[in-house]
Amino acid sequence: MQLPWRAAPRAALSSPLTLVVSIVTTLLLGFVVAAAALHSSASGSAALAYQQDRICPHTVHPGLDGEGLPLSQAVSMAARSDLGGAYSRIGRPDFGGIATYGRFGYRPDAQAHLTVLQGGGTGLWVPRTIATAAKVRVGDRLTGSSLVVTAIYADLAQPVDGWWCSEAKTAVPNPLGGDGASTSVIWVSSPSDLALLPPEFASNATVTLRFASARLSTLDEAESLRDQGNARLTALGLPLTRTDLLSGAIAAARTSERNVSSALLPLVLISVLVGLAGVGTVTVQWAQRRHSELRLLWVRGASPLALGFRGVLELGLPLVLGGVLGLVAARLLLPLYAPGVELAPGTLWVAPGFVLGVVVLSLAVTVLVASWRAHRTFQRRARARRFSLVPWELVVASLAVLAWFRLSDNGLGTSPKAGSLPRVDVAALAFPLLVVLAAALLATRLLRWSLGWSHRVRWWQVPAAQFAVRRLAAAAGPVTGVLLVGVLAVGTIAVGSTVAGAQQSALASKSGVFVGANSTVQVSQDIALGRVELPSSLRGNTTLVGVSTGALVVDPATFTDAAVLDDAASVRALISDLKRTGDIAPAVRIGRSANQEIQIPGLPLLKPVASLPSFPKLGTRGYVLARDSVPAVDQVGSWHLWSALPLADLTSALQAQGIHYTNVADRARVLDGLPFLTVEWTFGFVAAIGVVLAVVAAVALLLAIEVRRRQNAVSGALSTRMGMRPSVLWSSHLLEVGALASLALAVGLLASFTSTGAAVPRLDPAPWLNPAPMLPNLLPLLGVMVGCGAVVVLVAAWLALRGVRTARMGELLR
């Protein structure tokens, strides 16, 4: 009695196909649960990294700010931080020439981060604007002080680099502001030099306390830095305003991580259930193959439970090995499916825990299914269980309808507030996937019915098709299983890729409408008046736009060169017709604006003559008129340069020409993209699961062909001996496998594109901004899927014919 139990693990080697299927099943199970844990953790770290890129490096660590202090007190406070800055009030320093507005300041290493134009060394570093206005030269002495000018440097201007951005409010002047409102800083070489300034600068000083910190990788590191930083600031006991941007970044990243985890949980649970059902199927096949041995053991007194553990002895090692391989694959492939590679401490222990859990469940399913099979076979007569008659597709379709109601009512569940993360409604996100699942179940049921009636088909005039249909009918069970997984794979990949792509395009479109162009800056009205010409490098890619309350003043000749537009030709034709003929200026009405004459301050009376649903900068409300229709350009609220160039290129061209600007805006940074990224990361993992299912479908198809190798060899060899041409046999197998793959592609793509077409406009993390998300270009995805399907079909047909070509007729007949 002991021999069959001891030899069980070695006996598994007699069926290598079962071993492969067992390993692959738990490999995919282990990969799904481990990848979900790793992906969720990586999402939190990626969200933190995104937030860090949007805030100044020196404000990651909590800092302090203060105004209205005595200069001496500001200097002593600034000395208590790594990068403490002390700035005097704005006054009129005199260098023996023309007094102009300026302020003095000190920050460690500040002079090392300035561009020197003349001189250098220890002393006063004067910005070029002040030096030009006050006729200051190297060697001049500050009146009322012993400090001497030793260098002239280039003024700081937006956008500043990371070292200066935390001080931009103080160190970067607004050249279009009023006199004395802001100014560049005259830098001193040491904090003690500030005590040598004239008495008029001794009061109303500003101080900033910044602390350097390394780049954070995980949320745990961020929370530790936040707590240590706040404790450090508390210990200083300074009566200053605390700035803690890191807490907001941590909260947003935690919310993003929770949203991704909660959205993935139902998908992972469904995948685990499907995988466990696969383990049960493998166990049933094992029990059928070991029927004689199990009957012998049962006759000799083994209970059904003991026979169930007999299955674990044979299948347990492959199941455990598959789980380990799944964990390894999830870790190695992390850069391919996750938004980042940084993981929170302990994640690499959580993922193995999940894998261990599904492996234990797989072993338990093996015991239970094998015991149930033995009990049903040897101890009681089996009762028919018509689970196939249950209309599962109607159940899933009902769930899809409920999910649609949630999606249409609440979208993502996001409150219409700028900057807020979507409170992901899992039911709403599940709608497109439920539609795909319902379509897959319906397709498999119809296919099974069709194959049941296929014996009535008489296509002998096309023998390749007739033989293909009969082979499909002979393997109805595996065929419908492959179709089910194939439709789910195609649909899941399409849903994940489509929604993720829609989120990317929505962020780009919304930011383009919000800014108007790739980059914008506010300039003085001198450019509109023609007193200042634009640099030649900006011609053809930049336009001048006037902004008044509820209206844009555009130049029809150059506007479409820079503005972000879906149909530039039609917009150009529309605004080119805006030609004023009297006191009333023709205008384009945008969206929901009133279709009547309207008076806007600084502009002539506007009369709408055409309309557009939306427009850059205005969104869905406002008016657009031509620049030539404005009689007094100096009455327009403000003038801005819109450019198709990156912000750095636009500002560098203006700086080279000496053109002042302010209020810069960069399309790439103007909107917080984390709400969009959260949805994109979620559906990116959905697409990854779809790839896993596609691998399962392809492997299942190839294994089904391999299992039927002897049957295909007999029928194929006999057919060729009876006169069938090899080309017809090849066509028959191509038709068989190709029909199955084509049906999976057609149903999966139709269900996914239909569901996402309805869902994508409502999966909007920022519904207060136009335009709504739209389906991306689907042709590349369609081409990739068709290409991959064609490869699988060719390989499967080749495997089916391999047995025919290598078959020995005498052995087959014997």
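Is E533 buried or exposed? At 58% relative accessibility, E533 counts as exposed, where exposed means over 50% relative accessible area, buried under 20% and partly exposed in between, with a 1.4 Å probe and protein chains only. Before the views, a word on the model: it is predicted, local features need pLDDT of at least 70, side-chain atom pairs count only at pLDDT 80 or more, and totals for chains, interfaces and linings use all residues. Residues are numbered from 1 along each chain as its sequence is written, and side-chain values use heavy atoms, with hydrogens and water left out.

**View 1. E533 and R539 join in a salt bridge.** The two side chains meet at 3.7 Å, N to O. A salt bridge here is a side-chain nitrogen of Lys or Arg within 4 Å of a carboxyl oxygen of Asp or Glu. Like E533, which is exposed, R539 is exposed, with a relative accessible area of 55%. Across the whole structure, a search finds 13 salt bridges.

**View 2. D53 and R215 meet in another salt bridge.** Here the distance is 3.0 Å, N to O. D53 lies in helix 3 and R215 in the loop between strand 8 (205-210) and helix 7 (219-236), so this pair ties together parts that are 162 residues apart in sequence. Helices (H or I, at least four residues) and strands (E, at least two) are DSSP runs, numbered from the N terminus. D53 is partly exposed, with a relative accessible area of 43%.

**View 3. E167 and R210 form a salt bridge within a network.** Their side chains meet at 3.1 Å, N to O. E167 sits in the loop between strand 6 (149-153) and helix 6 (168-171), while R210 belongs to strand 8, and the pair links these distant parts of the chain, 43 residues apart. Are these two residues buried or exposed? E167 is buried, with a relative accessible area of 1%, and R210 is buried too, at 5%. The network of salt bridges links D65, R107, E167 and R210.

**View 4. Helix 3 packs with helix 12.** Two packed helices are described by the angle between their axes and the distance between the axes. Helix 3 (residues 16-54) and helix 12 (residues 347-378) have axes 9 Å apart, at an angle of about 150°. That makes helix 3 roughly antiparallel to helix 12. The axes are lines fitted to C-alpha atoms, for helices over the stretch in contact, and angles run from 0 to 180 degrees between N-to-C directions. Angles under 35 degrees count as roughly parallel, over 145 as roughly antiparallel, 65 to 115 as roughly perpendicular and the rest as oblique. Helix 3 passes helix 12 in a right-handed crossing; a crossing is right-handed if the near helix is turned clockwise from the far one by less than a right angle, and left-handed if anticlockwise.

**View 5. Helix 15 and helix 17 cross.** The axes of helix 15 (residues 431-452) and helix 17 (residues 476-515) come within 9 Å, and the crossing angle is roughly 155°. The two helices are therefore roughly antiparallel to each other. Their crossing is right-handed.

**View 6. Six residues form a nonpolar patch on the surface.** V320, V324, V328, L332, L333 and L336 together have about 550 Å² of accessible area. Such areas come from the Shrake-Rupley method with a 1.4 Å probe, and for residues, only the protein chains shown count as cover. Patches are made of residues with over 30% relative accessible area and no salt bridge: like charges are joined within 9 Å, nonpolar side chains (Val, Leu, Ile, Met, Phe, Trp, Tyr) within 5 Å. Helix 10 (residues 304-332) gives the most, with four residues. L333 is in the loop between helix 10 and helix 11 (334-337), and is partly exposed at 35% relative accessible area.

**View 7. The backbone at P159, K135 and N204.** Most residues other than glycine have a negative phi, and most peptide bonds are trans. The peptide bond from Q158 to P159 is cis, with omega near -5°, and P159 has its place in the loop between strand 6 and helix 6. K135 has a positive phi, near 55°; K135 lies in the loop between helix 5 (128-134) and strand 6. N204, also not a glycine, has a positive phi of about 55° and lies in the loop between strand 7 (185-187) and strand 8.
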